[in-house]
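Hi everyone, thanks for coming. I'd like to walk you through one model today, so please have a look at the screen.

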Amino acid sequence: MTFTLETARLRLRPFTEEEARHVVAGSREGRNWSPGYPRDDDRDIAGLVLKGAGGDPLFGPLQIVLLGSGAVIGGLGFFGPPDEAGTVGFGYGVAPEAEGRGYATEAVRALLREGFDDGRVRRALADTAHANVASQRVLEKAGLRRVSSDDSLHYYSTED
């Protein structure tokens, strides 16, 4: 059985090697991708998949797919398995035309819920640029709190 997470509007699925090759190449032929997908970050992550990143699908990169159309609109994932304290970092992003519709928040909530339900995750961390107010809202709506900031980034955690 293939690992996927589903929400009311989304399916979160691991990259296949074939899909990762297409993302890295920017080859849209035969792909059901939103117009703004893949972003540069998606290409970077797909490159890591091709170098063997992934392993446990819960802790590897996932694509965000709209259930209604099957179009890939972005990606998210934990940055590997949690450390010995159960802490894991994560990131996410959606194509520009998918922004502002709650997809990123829905995807992040599903990923965090699955990680915590799995039992290995006890704390999740993320960061975002000061100017990226939309990303800050996603993190806050997903239950994270800003715990610190530096000159360029705000840092968020599921715990204080």
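This is a predicted model: local features need pLDDT of at least 70, side-chain atom pairs count only at pLDDT 80 or more; totals for chains, interfaces and linings use all residues.

Residues are numbered from 1 along each chain as its sequence is written, and side-chain values use heavy atoms, with hydrogens and water left out.

Let's begin with the sheet. In what order do the eight strands lie? The order is S1-S2-S3-S4-S5-S6-S8-S7, in an open sheet with mixed pairing. Helices (H or I, at least four residues) and strands (E, at least two) are DSSP runs, numbered from the N terminus, and two strands pair if DSSP finds at least two bridges between them. Strand S1 (5-6) and strand S7 (145-149) are the edges; each has a single partner strand, so one side of each has no neighbour in the sheet.

Now look at S5, residues 87-94. S4 pairs with S5 in the antiparallel sense over five bridges. Here glycine 75 stands opposite glycine 93, and glycine 77 opposite glycine 91. S5 and S6 run parallel, joined by three bridges, with valine 88 opposite alanine 124 in S6. Six of the eight residues of S5 are buried, where buried means under 20% relative accessible area, exposed over 50% and partly exposed in between (1.4 Å probe, protein chains only).

On to the largest pocket, with about 990 Å³ of space. Of its 45 lining residues, the closest to the centre are Gly75, Gly91, Tyr92, Gly93 and Ser135. A pocket here is an open set of points on a 1 Å grid over the protein atoms alone, where a 1.4 Å probe fits, with protein on both sides within 12 Å along at least five of seven lines; lining residues have an atom within 4 Å of a point. The volume is the space filled by probe spheres set on the points, which are joined across faces, edges and corners. Which strand gives the most to this lining? That is S5, with six residues.

Last, histidine 22, in helix H1 (residues 17-25). Is histidine 22 buried or exposed? Histidine 22 counts as buried, because its relative accessibility is 19%. Leaving out residues up to four places away in sequence, histidine 22 touches Ser27, Glu29, Arg31 and Trp33, contact meaning heavy atoms within 4.5 Å.
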